[in-house]
2 protein chains.
Amino acid sequence: MGWTFEAWNEVKCAQVEAALAQWVPEQAPADLGQAMRYAVLGGGKRLRPLLAMAACESVQGEVHAALRAGCAAELIHAYSLVHDDMPCMDNDVLRRGKPTVHVKFGQASALLAGDALQALAFELLTPQDGSVSAAVQAQLCGLLARAAGEAGMAGGQAIDLASIGQQLSQAQLRRMHELKTGALLQASVMMGAACGNASKAQLTALQSYGQAIGLAFQVVDDILDVTADSATLGKTAGKDALAGKPTYVSILGMQPSQDLAKHLHLQALAALKTGELQQTQALHALADWVVARAY
Amino acid sequence: MGWTFEAWNEVKCAQVEAALAQWVPEQAPADLGQAMRYAVLGGGKRLRPLLAMAACESVQGEVHAALRAGCAAELIHAYSLVHDDMPCMDNDVLRRGKPTVHVKFGQASALLAGDALQALAFELLTPQDGSVSAAVQAQLCGLLARAAGEAGMAGGQAIDLASIGQQLSQAQLRRMHELKTGALLQASVMMGAACGNASKAQLTALQSYGQAIGLAFQVVDDILDVTADSATLGKTAGKDALAGKPTYVSILGMQPSQDLAKHLHLQALAALKTGELQQTQALHALADWVVARAY
């Protein structure tokens, strides 16, 4: 029987869920642990961990390190959703079909849970048991910090905030998304690569792959915000348009947005063929999935 | 002329201010850079960087690594103040004699600036120019993440939140403060130690020193919240009592709190004599200052 994405995905997702359930602490003080676990467990596509593990496979790296790296990226993603949903930001009450963290636990606990999840990401990257070399730990921390901070996700969110009700050029919109979601998706790929001894050609290929799917993800997100309903999305549909946020669809129109997604998809697949990568089935399938996903 | 704390402090503070001014980026998107710099620059006692640099001296470690480590701890401290001041937490409008970040920049920007400062802390610890070894980078990231997260600062804040209007035992109050402020102060000391090849005896001594002054700091803070006025403190005085927060003064009374501070002071100084440490003048003077400070 040959390799199938379904089987790979099932095995990897189970590993990620088990790892997160173990690493996000139940016993944190007061309701902090509960709020952190609520924000992270039992939902989400786990795209970032899957990307890290797929990239690790493509350079025959250390699987357990990539699992940590991917889960760390997932914690950064999860914390950003918690803070993003708060009343002073998007003020959203529904996420993955459940009440958002601040609705369930209160704003103060949501704020703290997000803060603690960001710290926990760096705890995951620095295990004290010798299972990940110091060199890899340092590289992973450096990649994740830069993807999360002002030159990455937080910077993108600042542009997003400042753009409400503004006209953005396509270049400005692209810049916003490269930071807001692209940087962390790309870092997930590069962290996976850092778990092996990737060659320069391999790193270049993965960089290009990560950039293309990072952007494709957001273009598809903007399309789905228009075409899908809240039940399918598990979050409030149409909210970007409602909030006056510029999107690919609002700037380019629907058909050109769909064309752009296809173009980025092909770009990602082309990158996989250039870099002397080993096993690329999972990276290939994830690129397909990012563009074809219906939710 | 002999060593004086005043001269040492002046030199080190100038280094810290210059480093922070360089490392906290002005050019971050939208007003994110401004908000981050407003939160960090031009104020604060810089106790955490001073502790890191003093501890580094005591084990003859790498000074430039300790400067990074101390500034990283300072960024974690600064972000915690930004988030702590927000309306959903302490709702404070005055900090270091200036309007708090959310008053000046709005809540959304304050939230993001805090998030970005936490990420920036780990960026500082992972310079890409080879100036800090991977082994030291990994150790520093591990220490800082654990001090900032659910088993450290964020955990302590969760207890703090849950304790408003509650009766705490002295042991519970101590546990709260060990996490909320003690963990990061102690981590500052241990990060300084990680910048050198500290012996086991040296690490034990510094651990004990860090624990004592971490707690002493909070006891003195509680005393000052009662005895000092807002202008001297640069923040709203008496707010803990007003908010129904348990403090050392409310639980033990004023005189026993002052006795406890003195006891912890002596404990810190005793630790410095046990560990074959090299230069301990600065650590000694910082312990004096933590207890004797009038603001």
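In which loop of chain B does B:L277 lie?

Modeller: A word on the model before we zoom in. This is a predicted model, in which local features need pLDDT of at least 70, side-chain atom pairs count only at pLDDT 80 or more, and totals for chains, interfaces and linings use all residues. Residues are numbered from 1 along each chain as its sequence is written, while chains are lettered from A and ligands numbered from 1 in the order in which they are written.

Now to your residue. B:L277 sits in the loop between helix 14 (254–274) and helix 15 (281–292) of chain B. Helices here are DSSP runs of H or I with at least four residues, strands are runs of E with at least two, and both are numbered from the N terminus.

Although B:L277 is in a loop, B:L277 counts as buried because it has 23 C-beta neighbours inside 10 Å. The cut-offs are these: a residue is buried if 20 or more other C-beta atoms lie within 10 Å of its own, exposed if 12 or fewer, and partly exposed in between, with C-beta atoms placed from the backbone.

Which residues does B:L277 touch, leaving aside its neighbours within four places in sequence? B:L277 is in contact with B:S58, B:V59, B:Q202, B:A205 and B:L272. Contact means that the C-beta atoms of two residues, placed from the backbone, lie within 7 Å. For another view of the distances, B:L277 and B:A65 are 212 residues apart in sequence and 19 Å apart in space, C-alpha to C-alpha.

Let us step back to the two chains. The same surface serves both copies, as 100% of the contact residues of chain A recur in chain B.

Among contacts in chain A with a separation of 6 or more, 73% join residues 24 or more positions apart. The C-alpha trace of chain A spans about 50 × 45 × 40 Å along its principal axes.
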